Amino acid sequence: MKTVIIKYNAGNIRSVLFALDRLGVEGVVTDNPEEIKAADKVIFPGVGEASSAMRYLQERKLDQLITGLKQPVLGICLGMQLMCKHSEENDTNCLGIFDVEVKRFQSPVDNLLKIPQIGWNNITGLYCTMFEHVPENSYMYFVHSYYAALSPYTVATTNYVINYSAALQKDNFYAVQFHPEKSAGEGQKILENFLKL
Amino acid sequence: MLTKRIIPCLDIKDGRTVKGVNFENIRDAGDPIELGALYAAQGADELVFLDITATNERRKTLSELVTRIAKHVNIPFTVGGGISSVEDVNVLLQSGADKISVNTSAFKRPELVDELAREFGSQCVVLAIDTRFEDGDWYVYLNGGRVKTEVKAYDWAKEAVGRGAGEILLTSMNNDGTKQGFALDITGKLSQNLNVPVIASGGAGTMDHFMDVFETAQADAALAASIFHYKEIEIPALKTYLYQRGLNIRF
């Protein structure tokens with residue numbers, strides 16, 4: 001089995017590689033279209049900014065490549081947001097795999113909301129093979145200022161002032177807002193489940 | 001709900017943990033990786049590694065250590081100590097660190113905070129402040145607490161957040177090492193007025209001290225070193241204690 005991690009101008013790729021390594025899987029980091037197309041599993045990670053990431057993908061035609069993939073694809077954090085339709089982060093049109101809007105967290109008038117959300121939050125309403133043997137209310141590590149709204153594709157929900165999509169799924173496309181590679185044993189389980197799809 | 005975080009801090013010198021004694025479950029208490037992995041397994045929410053090595057070799061040793069930590073530890077961790085440039089940070093993040101902390105170098109050249117936030121994002125830029133209460137206010141100290149400045153801790157924190165710091169790690173020098181509790185007033189002032197998370201540090205001696213800093217001061221996270229290293233408080237017992245008193249805690 002071959003697992004590739006899409007290489008682009010976004011961070012945390014090393015952490016994903018190490019997490020795969022802990023599961024006994026050797027990931028390959030590449031932006032080579034043939035190599036990505038031929039892989040059994042594709043991971044689309046990312047910490048960064050939406051518009052510059054989209055520009056980078058478009059310049060290399062990786063945008064069309066990703067939307068056309070047929071094998072299981074897992075978007076992580078910014079990767080998930082880029083798989084949505086549009087992001088408020090610098091008004092960016094994204095890949096449109098999920099017909100979902102990505103918005104910025106807003107402080108309620110009577111309360112100071114800390115942005116980005118940094119830390120462990122629980123996921124509920126788990127409804128996807130990715131979450132097999134992952135208990136309801138498991139805690140995952142989140143670091144983000146923008147969120148994907150709830151939608152028919154939502155397969156896990158988290159609350160930070162409002163309820164939003166902690167995970168999305170449509171056909172062969174899977175996506176999580178949190179960092180499974182940094183979310184201790186339960187996060188590792190999610191990666192393991194994805195690799196078994 | 002977002003949880004309150006418990007963060008053990010490990011001081012590193014020449015690639016080894018400085019304080020690390022008396023653990024039955026690990027072979028080598030001086031090995032930062034073993035100690036870090038043990039804390040992660042016990043339920044620590046994050047780790048902070050503070051490098052206090054002074055030699056020229058430190059940069060290479062540190063990046064190798066960070067790679068080894070990232071391979072073995074499956075929770076987020078911050079690396080700090082002597083970081084003064086975008087290139088330093090790039091190497092550490094590429095090696096697998098999730099966040100870096102800056103202290104004296106950022107105070108001396110505040111543009112560093114802007115540069116790091118622009119290059120890597122606010123989420124990985126932690127501003128560490130050492131502060132001491134005297135003459136009626138909390139002042140910033142530099143160089144590990146050896147050099148006093150005339151700048152108030154709150155003012156510097158506020159400026160740094162404006163420049164893009166994503167988190168504040170606040171250490172009270174008055175409280176550090178006393179085991180008499182955290183500095184609730186200045187921690188509370190920062191946490192309740194700045195829109196980034198505040199990590200309280202210095203003074204933890206009992207489980208109630210953690211309760212106080214989370215509830216009274218509304219800190220987002222609490223950091224401690226020796227009480228964990230010397231097993232005066234164990235992380236699972238601490239988290240259970242806080243959870244039973246109504247805090248959001250991860251298990």
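## Basis of the model

Residues are numbered from 1 along each chain as its sequence is written, and chains are lettered from A and ligands numbered from 1 in the order in which they are written. Because the model is predicted, local features need pLDDT of at least 70 and side-chain atom pairs count only at pLDDT 80 or more, while totals for chains, interfaces and linings use all residues.

## Overall build of chain B

Chain B has 10 helices and 11 strands. Helices (H or I, at least four residues) and strands (E, at least two) are DSSP runs, numbered from the N terminus. The radius of gyration of chain B is 17 Å, close to the 18 Å that the globule rule gives for 251 residues, so the chain is as compact as a globular protein of that length. This radius is taken over C-alpha atoms, and the globule rule is 2.2 Å times the number of residues to the power 0.38. Along the principal axes, the C-alpha atoms of chain B fill a box of roughly 45 × 40 × 35 Å.

Of the 251 residues in chain B, 51% are buried. A residue is buried if 20 or more other C-beta atoms lie within 10 Å of its own, exposed if 12 or fewer, and partly exposed in between, with C-beta atoms placed from the backbone. Among the contacts in chain B with a separation of 6 or more, 65% are between residues 24 or more positions apart. Two residues are in contact if their C-beta atoms, placed from the backbone, lie within 7 Å.

## The side that touches chain A

On this side, 26 residues of chain B are in contact with 28 residues of chain A. Helix H2 (58-72) and helix H3 (86-95) of chain B are the elements that give two or more residues to it. By class, the chain B side has 10 nonpolar, 9 polar and 7 charged residues. Here Ala, Val, Leu, Ile, Met, Phe, Trp, Tyr, Cys and Pro count as nonpolar, Asp, Glu, Lys and Arg as charged, and the others, Gly among them, as polar.

In strand E3 (residues 47-51) of chain B, 5 of 5 residues are buried. Leu47(B), Phe49(B) and Asp51(B) lie on one side, Val48(B) and Leu50(B) on the other, and both faces are covered. E3(B) pairs with strand E1 (residues 5-13) of chain B in the parallel sense over 4 bridges; strands pair if DSSP finds at least two bridges between them. One of the bridge partners is Val48(B), which faces Cys9(B). E3(B) is also joined by 4 bridges to strand E4 (residues 77-80) of chain B, again parallel, and Leu47(B) has Phe77(B) as its bridge partner there.

Ala44(B) sits in the loop between helix H1 (32-42) and E3 of chain B. This residue counts as buried, with 23 C-beta neighbours inside 10 Å. The C-alpha atoms of Ala44(B) and Ile7(B) are separated by 6.0 Å, although the two are 37 residues apart along the chain. Beyond four places in sequence, Ala44(B) touches residues including Ile7(B), Tyr39(B), Ile75(B) and Ile235(B).

## Strand E9 and its partners

E9(B) runs parallel to E6(B), with 6 bridges, and Thr131(B) stands opposite Ser172(B). E9(B) is joined to E10(B) by 4 bridges, also parallel, with Leu170(B) opposite Ala200(B).

## Annotated positions

The "active site" annotation in an unreviewed UniProt entry covers Asp11(B) and Asp130(B); such annotations are given in the numbering used here with shortened feature names, and may be inferred rather than shown by experiment. Asp11(B), in strand E1 of chain B, is partly exposed, with 19 other C-beta atoms within 10 Å.

Asp130(B) lies in strand E6 of chain B and counts as buried, with 25 C-beta neighbours inside 10 Å. Leaving aside neighbours within four places in sequence, Asp130(B) is in contact with Asn103(B), Tyr141(B), Gly145(B), Thr171(B) and Met173(B).
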